[in-house]
Amino acid sequence: GYSGTALYSRYSPLTITYGLGLPDFDTEGRTLIADYGTFVLYNIYFPNGTASSERLKYKLDFYEAFHQHVLKTREEGLPVVVCGDVNTAHLPVDLARPAENTNVSGFLPEERAFIDRFLASGFDDTFRLFNQEGSQYTWWDMKTRARDRNVGWRIDYFFTSQDLRPLVKNAWIESEKEGSDHCPVGLDLAIHPEEEQS
């Protein structure tokens, strides 16, 4: 219950991999990698870095391990979709109070720089392909009832490798959906998984 991930799919992946293949990062159930043949889906709950400096280092090291893993998948010629709670707001437009949070994990320069590097290595933040507006958030602090005032952060993403850009038809945030301190995010991708041959 601490940090697990789950995948519900109408199509059976060709293979499912649990973790990045690195013991330091695979003990918390954070990573599911599903190979659908026509693309590889990374379903990841990235670490939070607010608890301590050690936990922040763990988060940054996890980012780098993930990046190397996904680049290797790209080198094999496979399109990639990444979804999950990245636990970092990328740009000032991605949180309600950027100035007040520049020294808070989740908006630190080194965390944001990782997203810069990741996108520069050949990926799109799909939501920003369709929407450049502010006040579009996916997480709100429950203790302060921040959702009532829309004082939030956009920390949940769908990223796609740029070879999939022509197939990305829409990406959105379902901020009206309640039941969690996060809300769902969606992606409409015009690619059909390869069904397992029997």
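Helices (H or I, at least four residues) and strands (E, at least two) are DSSP runs, numbered from the N terminus. The model is predicted: local features need pLDDT of at least 70, side-chain atom pairs count only at pLDDT 80 or more, and totals for chains, interfaces and linings use all residues. Residues are numbered from 1 along each chain as its sequence is written, and side-chain values use heavy atoms, with hydrogens and water left out.

**Exercise 1.** State how many helices and strands the chain has, and give their order.

Solution. Step one is the count: four helices and 10 strands. Step two is the order, which from the N terminus reads β-β-β-α-β-α-β-α-β-α-β-β-β-β.

**Exercise 2.** Compare the radius of gyration of the chain with the value for a compact globule.

Solution. The radius is taken over C-alpha atoms, and the globule rule is 2.2 Å times the number of residues to the power 0.38. For 198 residues the rule gives a value near 16 Å; the chain has 17 Å, which agrees. The box filled by the C-alpha atoms, along the principal axes, is roughly 55 × 35 × 35 Å.

**Exercise 3.** Find what share of the residues is buried, and what share of the contacts links residues 24 or more positions apart.

Solution. Buried means under 20% relative accessible area, exposed over 50%, and partly exposed in between (1.4 Å probe, protein chains only). Of the 198 residues, 45% are buried. A contact means heavy atoms within 4.5 Å. Among contacts with a separation of 6 or more, 67% are between residues 24 or more positions apart.

**Exercise 4.** Describe where Asn 150 lies and what its side chain touches.

Solution. First, the place: Asn 150 is in the loop between α4 (146–149) and β7 (152–153). Beyond its neighbours within four places in sequence, Asn 150 contacts Ala 96, Ser 135, Tyr 137 and Trp 140.

Last, the polar contacts (a pair of N or O atoms within 3.5 Å; within protein, one must be able to donate a hydrogen and the other to accept it, and residues adjacent in sequence count only if both atoms are side-chain atoms). The side chain of Asn 150 makes one with the side chain of Trp 140, at 3.0 Å. A polar atom of the Asn 150 side chain also lies 3.3 Å from the backbone oxygen of Ser 135.

**Exercise 5.** Give the phi values of Arg 145 and Asn 150.

Solution. Arg 145, in the loop between β6 (139–140) and α4, has a positive phi near 50 degrees. For Asn 150, phi is about 55 degrees, also positive, although the residue is not a glycine. Arg 145 counts as exposed because its relative accessible area is 57%.
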